[in-house]
Structures are given as structure tokens and as C-alpha cells.
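Look at the sequence and the fold first.

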Amino acid sequence: MRKLLNEKDLKVSQISVNSCLGDYVYKVFNGSRKANRDVYIAIGIAMKLTYNELQLLLRLAKYLMLDPRDRRDSIFLYAISKQLTVMEQMIYFLIVVMKY
């Protein structure tokens with residue numbers, strides 16, 4: 001993740017704010033906390049990772065990659081393709097879920 005941070009010219013503080021995860025992001029980046037799949041997805045969206053970069057991040061973290069056949073994952077993929085922020089993605093998720 002540090003390599004991606006450097007490539008994207010981002011700081012952990014920016015990811016902390018953009019992911020809406022606060023101090024938890026610092027703990028994940030310094031290795032004191034193990035993140036779950038949702039946290040990695042939120043961090044990936046906050047970092048504005050591409051589809052392939054996020055899939056690689058999930059694979060390296062030993063989590064299932066995003067599957068477009070899964071309804072929940074397809075919402076994440078939509079957020080990535082439209083470069084939505086985490087907050088925008090959460091609102092979109094609520095709208096889609098509330099419809100059904």
C-alpha cells in the first residue's frame with residue numbers, strides 16, 4: 001500500500017479523511033491493525049485506485065477480489081468506474097439497496 005501511496009502522490013492523512021475511517025487507516029498502514037475486506041475497498045476508493053490496482057490490493061491482502069456478479073461488489077465497481085468518493089459511494093449504495 002505504501003508503494004501505491006507514493007505512486008499516487010498521496011498521504012495517509014488524505015486517505016484517512018477520504019475513506020471516512022479516521023485513525024483506523026493509520027493503524028492499518030503501520031501494521032498494528034489487520035483490516036477487513038471492506039476497509040481495503042474503502043481505502044482503495046479513497047486512493048482512487050483503478051480496477052486492476054484494487055483487485056491487486058485485495059489479492060495481496062488475501063481477500064476475495066471484487067466479483068461483478070455479486071450485487072454488493074458491483075456497486076463498489078460502479079463507484080470505482082465513476083471515481084466516486086467513499087461518501088458518494090455510500091449514498092449510492094443506500095439508494096440502490098432502498099429500491100429493493
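Q: Which residues make the nonpolar surface patch of about 370 Å²?
A: This is a predicted model: local features need pLDDT of at least 70, side-chain atom pairs count only at pLDDT 80 or more, and totals for chains, interfaces and linings use all residues. Residues are numbered from 1 along each chain as its sequence is written, and side-chain values use heavy atoms, with hydrogens and water left out. The patch is made by M87, M90, I91 and I95.

Q: What is the relative accessible area of M90?
A: M90 lies in helix α7, residues 86-99; helices are DSSP runs (H or I, at least four residues), numbered from the N terminus. Buried means under 20% relative accessible area, exposed over 50%, partly exposed in between (1.4 Å probe, protein chains only). M90 is partly exposed, because its relative accessible area is 40%.

Q: Against which helices do the buried residues of α5 pack?
A: Helix α5 spans residues 51-60. Its buried residues are E53, L54, Q55, L57 and L58. They pack against α1 (2-8), α4 (37-46) and α6 (71-81).

Q: Is L49 buried or exposed?
A: L49 is found in the loop between α4 and α5. Beyond its neighbours within four places in sequence, L49 is in contact (heavy atoms within 4.5 Å) with L4, K8, G44, L54, L57 and I80. Its relative accessibility is 3%, so L49 counts as buried.

Conventions: Patches are made of residues with over 30% relative accessible area and no salt bridge: like charges are joined within 9 Å, nonpolar side chains (Val, Leu, Ile, Met, Phe, Trp, Tyr) within 5 Å. Accessible areas come from the Shrake-Rupley method with a 1.4 Å probe; for residues, only the protein chains shown count as cover. A salt bridge is a side-chain nitrogen of Lys or Arg within 4 Å of a carboxyl oxygen of Asp or Glu. Helices (H or I, at least four residues) and strands (E, at least two) are DSSP runs, numbered from the N terminus.
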